[in-house]
Amino acid sequence: MRVDVLTIFPAYLDALELSLVGKARTAGLLDVRVHDLRDWAHDRHRTVDDTPAGGGAGMVMRPDVWGAALSDVLTEGATLVVPTPSGPTFTQRTAEDWATREHLVFACGRYEGIDARVAEHHRARGVRVEEASIGDYVLNGGEVATLVMVEAVARLVPGVLGNAESVVEESHSAEGLLEYPVYTRPVEWEGLAIPDVLMSGHHGKVARWRRDQALARTAERRPDMIAALDPTRLDKRDRATLGDLGWWVHPDGVRPAGE
Ligand code: SAM
């Protein structure tokens with residue numbers, strides 16, 4: 001997969017040289033290229049922004065500078081990602097979708113954001129443009145959001161994680177549950193012991209315990225995710241566990257008992 005990032009702060013993206021993403025780059029699984037947007041500015045001050053049309057606070061990033069940069073970086077079939085707090089929320093489903101794409105180009109906004117015509121123009125030209133927010137808060141720029149999205153996507157690219165199994169049971173995987181709690185040695189720490197079942201060596205019991213814990217944790221922390229479960233994917237034991245947790249499984253959905 002190829003990933004290009006356009007930013008006025010290329011050093012922010014140095015973190016993509018570390019850890020699993022860095023290793024994936026060395027292994028040739030990911031081709032990450034970070035560009036300084038100012039290289040496409042036309043004046044000697046390398047200006048990329050101007051005052052907002054209609055007045056108001058702050059500055060807006062110029063469409064002509066972005067247009068020049070994107071026409072050099074976008075390839076046929078590439079996806080243009082524009083991080084913005086006003087976009088749809090980036091989720092694990094988004095990461096799974098983008099992990100199947102050949103080329104992602106991230107346009108990191110600063111100030112009040114990028115002139116709206118940049119997304120409009122590229123959409124009109126048939127480019128797949130994805131505006132995406134990483135949550136309901138406002139950052140100073142798109143670089144941190146890009147780091148979040150690139151890491152979430154890159155770990156789903158085949159070969160990037162050593163153990164592909166580890167993404168299957170994770171929180172927000174296709175199972176639609178939060179992950180069960182995890183433990184490691186020492187068996188006893190600060191008066192707290194690892195649950196006996198995990199030391200039993202009985203794979204079936206461990207798997208059931210983990211599933212029950214995932215259901216209980218999700219019911220407590222994210223009832224919205226329990227309500228979104230697909231009843232056809234819940235077995236008899238899941239239904240019993242959910243019943244104990246105060247949820248009824250109906251043919252058409254999962255709802256709090258009594259509803
Ligand atoms: N004026 C914009 C608004 O109210 O929607 C906020 C601009 S913000 C200060 C500057 C840049 O940070 C945005 O263009 C975007 O690239 C990035 N950004 C800020 N918050 C973000 C979020 N929650 N998700 C993704 N990108 C974000």
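View 1. A polar backbone atom of Gly135 lies 3.1 Å from a nitrogen atom of the ligand. A nitrogen atom of the ligand is also 2.9 Å from a backbone N or O atom of Leu139. For Gly142, a backbone N or O atom is 3.4 Å from an oxygen atom of the ligand. A polar contact here is a pair of N or O atoms within 3.5 Å. The ligand taken alone exposes 580 Å², and the protein buries 82% of that. Areas come from the Shrake-Rupley method with a 1.4 Å probe. The model is predicted: local features need pLDDT of at least 70, side-chain atom pairs count only at pLDDT 80 or more, and totals for chains, interfaces and linings use all residues. Residues are numbered from 1 along each chain as its sequence is written, and side-chain values use heavy atoms, with hydrogens and water left out.

**View 2. The shell around the ligand.** There are 18 residues around the ligand (a heavy atom within 4 Å). Pro83, Glu112, Ile134, Tyr137 and Leu139 come nearest. By class, the shell has 9 nonpolar, 8 polar and 1 charged residues. Gly counts as polar, Tyr and Pro as nonpolar, and Asp, Glu, Lys and Arg as charged.

View 3. The ligand takes up the space of the largest pocket. A pocket is an open set of points on a 1 Å grid over the protein atoms alone, where a 1.4 Å probe fits, with protein on both sides within 12 Å along at least five of seven lines. A molecule sits in one if more than half of its atoms lie within 2 Å of its grid points.

**View 4. Two loop residues.** A cis peptide bond joins Arg185 and Pro186, with omega about 5°. Pro186 is in the loop between α5 (142-154) and β8 (188-189). Arg46 is in the loop between β2 (31-36) and β3 (49-50). Its phi is near 55°, a positive value in a residue other than glycine. Helices (H or I, at least four residues) and strands (E, at least two) are DSSP runs.

Definitions and conventions:
Polar contact = N/O pair within 3.5 Å; in protein donor to acceptor, adjacent residues only side chain to side chain. 1 Å grid on protein atoms, 1.4 Å probe; cavity = no way out; pocket = protein on both sides within 12 Å on 5 of 7 lines; lining within 4 Å.
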